[in-house]
Amino acid sequence: MVYTQSEILQREVYLFERLDSANREAMKHLKAICFLRPTKENVELLIQELRRPKYSIYFIYFSNVISKSEVKSLAEADEQEVVAEVQEFYGDYIAVNPHLFSLNILGCCQGRSWDSAHLTRTTQGLTALLLSLKKCPMIRYQLSSEPAKRLAECVKQVITKEYELFDFRRTEVPPLLLLLDRSDDAITPLLNQWTYQAMVHELLGINNNRIDLSRVPGISKDLREVVLSAENDEFYANNMYLNFAEIGSNIKNLMEDFQRRKPKEQQKLESIADMKAFVENYPQFRKMSGTVSKHVTVVGELSRLVGERNLLEVSEVEQELACQNDHSSALQNVRRLLQNPRVTELDAARLVMLYALHYERHSSSSLPGLLAELRARGVQDRYRKVRSAALQ
């Protein structure tokens, strides 16, 4: 998420190993840079490593605050004095792009209360973010949300305990950490998305900027997994927030630009200057070729899924349910889509949830009938559970 492998190779880093991988070979001619989360498991693995070091010198960087007792344990394990440096380098979160980070946590709450392990991890991630940005903020949270209040209290406790680390230069307007509860908006997560990044995430899934395309019909071997990163992909950076119609037009322009730059198949290399020009331009051409192949494949798969799942019509009804107040029309359209075999179980369940949110208390509400239609369709248990939770 931070460096591509080619970028880190340029920094003369030639070997990448996990600390927990078994049977690593001893290479005393190499220096080791260890970048780790300061968990008990990682500290224990590092202690075992230092007792039987495989490299000549160790530079150890923790992504968050580490306790003095754990540093002492590492020092005691370093009997061969191979540790040259130990530092805290605050990066205990996943930077997806310049305005978004993630902690890769799914389902942080149990009901309406925090899962304790996820609360700890979220607190660690947020405080690491504040330290890396050099911010000691005022904290404000949503008063109606107990989870937001608990998180605010935990972050405040860390700032108070580690006050020396948070002693940054005061600004005229203090920074603000605003904690909002996503569950306050039940509608938006039920709507299909129509901008590039959001569509890819919704329909294909993005995991640490990687997309698994292995299930795409007829996919070539080198496109089974692709990376979408605004840091290294100019087309993606320029188009990630544009809507689907604009993406199609911009893909066409990208293809035409690629065709213009494509080297002639029978290009004559008659002089040293010709050869030099070819060698200089070829890497750029190869990079553009990869960009074109990747985005044409991704957009093509999105287009296929939109058609296969009838998403244009589904999305139109979703918008009607969210933004209009015509109950008769909404009910008629939801029923029509529930009877359409191209509409997936997930989309069918979402439509009923949106109807329930808007019209459950309507005098002519037909929610029991729609639930019966979902059961008649054989909607899976997991979607029925989601629906029941939403209706509560």
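Start with helix H4, which covers residues 116-132. Its 17 residues stretch 24 Å from the first C-alpha to the last, close to the 24 Å expected at 1.5 Å a residue. One thing to keep in mind as you look: this is a predicted model.

Which residues of H4 are buried? Quite a list: Leu119, Arg121, Thr122, Thr123, Gly125, Leu126, Thr127, Ala128, Leu129, Leu130 and Leu131. And what do these buried residues pack against? Their partners are strand S5 (100-102), strand S7 (113-114), helix H5 (146-161) and strand S9 (176-179).

Buried in H10 you'll find Leu311, Val314, Ser315, Val317, Glu318, Glu320 and Leu321.

Last stop: a pair of helices. Two packed helices are described by the angle between their axes and by how far apart those axes are. For H11 (residues 327-338) and H12 (residues 345-359), the angle is about 165° and the axes lie 10 Å apart. Angles over 145 degrees count as roughly antiparallel, so H11 is roughly antiparallel to H12. Their crossing is left-handed.

Who makes the contact? On the H11 side, look for His327, Ala330, Leu331, Val334, Leu337 and Leu338; H12 brings Ala348, Leu351, Val352, Tyr355 and Tyr359. Sort these contact residues by type and you get 10 nonpolar, one polar and no charged.

Technical notes. Residues numbered from 1 in each chain as written. Predicted model: local features only at pLDDT ≥ 70, side-chain atom pairs only at ≥ 80, totals over all residues. Heavy atoms only, no water. Axes fitted to C-alpha atoms, helices over the stretch in contact; angles between N-to-C directions. Helix = DSSP H or I, 4+ residues; strand = E, 2+ residues; numbered from the N terminus. Parallel < 35°, antiparallel > 145°, perpendicular 65-115°, else oblique. Left-handed = near helix turned anticlockwise from the far one by under 90°. Contact = heavy atoms within 4.5 Å. Nonpolar A, V, L, I, M, F, W, Y, C, P; charged D, E, K, R; others polar. Expected span 1.5 Å × (residues − 1). Buried < 20%, exposed > 50% of the residue type's maximum accessible area, 1.4 Å probe, protein only.
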